[in-house]
Amino acid sequence: MDLVEGSSVVITGAASGIGEGLARECVNRGLRVALADVEKGPLDTLVDQLLAVGGTVTAGVVDVSDGAAVSAFAASVEAEFGCVDMVVANAGVIGPRRPLWEQSAQDWEWIIGVNLLGVSNTWAPFLPNMVKRGTGHLVATSSIAGLAPAMSGNAPYATTKHGIVGMAEVLRMDLAEVAPDIGVTVLFPGPVRTRIREAVRNRPDSLGGPDGVAAFSSDPQFDVESIEPRDVALHLLAALARGDRYVMPNSEYVESTATHLVEVAEGLRTSNTANSTR
């Protein structure tokens, strides 16, 4: 994806973490940005800061699990910017760490709504105009957990992050038939200095609310070295310039993740060989 000065980028989950880092770097490069987040205060602060340095910015308070709200935001963005060049579905949450059999239906509904449906809700309303034009790029933030889960207690999170990979793969097939020049990239961050471990602060009351729900950040397994959101933004933008489909900014996790995928492949081959000898 060749993003030049004046190109337009949509970013969800933009008020903090990876989304904020990407928004700042896009403005630094002269790109126009449309920012969405569920937290009004931090979003307003970020917009003011970006405008103060000469950025071209529009924004909306949006819950990405609400398809109608995202569609309304998309319409307002396209009314201002026209057909956008890149859409980054970045918003994500993680729930309390507990085994699958203790995850409630509300845990699953909240995390699926934001992490998985939120990606579809974000991409879908921008795609018709992209397809008509024949160019553009879609990005989604998955996680290393979407390829090789390494921690117990987060089944809903890992499930949704795996789901993003499948969604992206099928979208590429869909686009190949009608607009093959539109790219799709999946970002697989590892530990990053964000507030996702405190995501329960934004859990809707209708799905259990934030009160009485332990934050994931209290778990010692999360006390690992993290990279800065700006590092993720720089890594992603460089990868997009190369046309990469898969991006893992935490380089120290690449080999262990690749090894896991090789083990999956070997397991399939072994099983197939055993079946064929019966």
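The model is predicted.

The protein chain has 278 residues, and for that number a compact globule would have a radius of gyration near 19 Å. The value for the protein chain is 19 Å, so the two agree. The extent of the chain can also be given along its principal axes, where the C-alpha trace spans about 65 × 45 × 35 Å.

Next come the inside and the surface. Of the 278 residues, 47% are buried, where buried means under 20% relative accessible area. The accessible surface of the protein chain is about 12800 Å², and carbon and sulfur atoms account for 54% of that surface. As for charges, the chain carries 20 positive and 33 negative ones, and their mean positions lie 2 Å apart.

Contacts can be sorted by how far apart the partners are in the sequence.

The secondary structure consists of nine helices and seven strands. The seven strands form an open sheet with parallel pairing. Read across the sheet, the order is β3-β2-β1-β4-β5-β6-β7. The edges of this sheet are β3, residues 57-61, and β7, residues 246-247, each of which pairs on one side only.

Strand β1, residues 8-12, runs parallel to strand β4, residues 86-89, and three bridges join the two. Opposite I11 stands V88 in β4.

Definitions and conventions:
Residues are numbered from 1 along each chain as its sequence is written. This is a predicted model: local features need pLDDT of at least 70, side-chain atom pairs count only at pLDDT 80 or more; totals for chains, interfaces and linings use all residues. Side-chain values use heavy atoms; hydrogens and water are left out. Helices (H or I, at least four residues) and strands (E, at least two) are DSSP runs, numbered from the N terminus. The radius of gyration is taken over C-alpha atoms; the globule rule is 2.2 Å times the number of residues to the power 0.38. Buried means under 20% relative accessible area, exposed over 50%, partly exposed in between (1.4 Å probe, protein chains only). Accessible areas come from the Shrake-Rupley method with a 1.4 Å probe; for residues, only the protein chains shown count as cover. Lys and Arg count as positive and Asp and Glu as negative; His and the chain ends are not counted. The place of a charge is taken as NZ of Lys, CZ of Arg, CG of Asp or CD of Glu. Two strands pair if DSSP finds at least two bridges between them.
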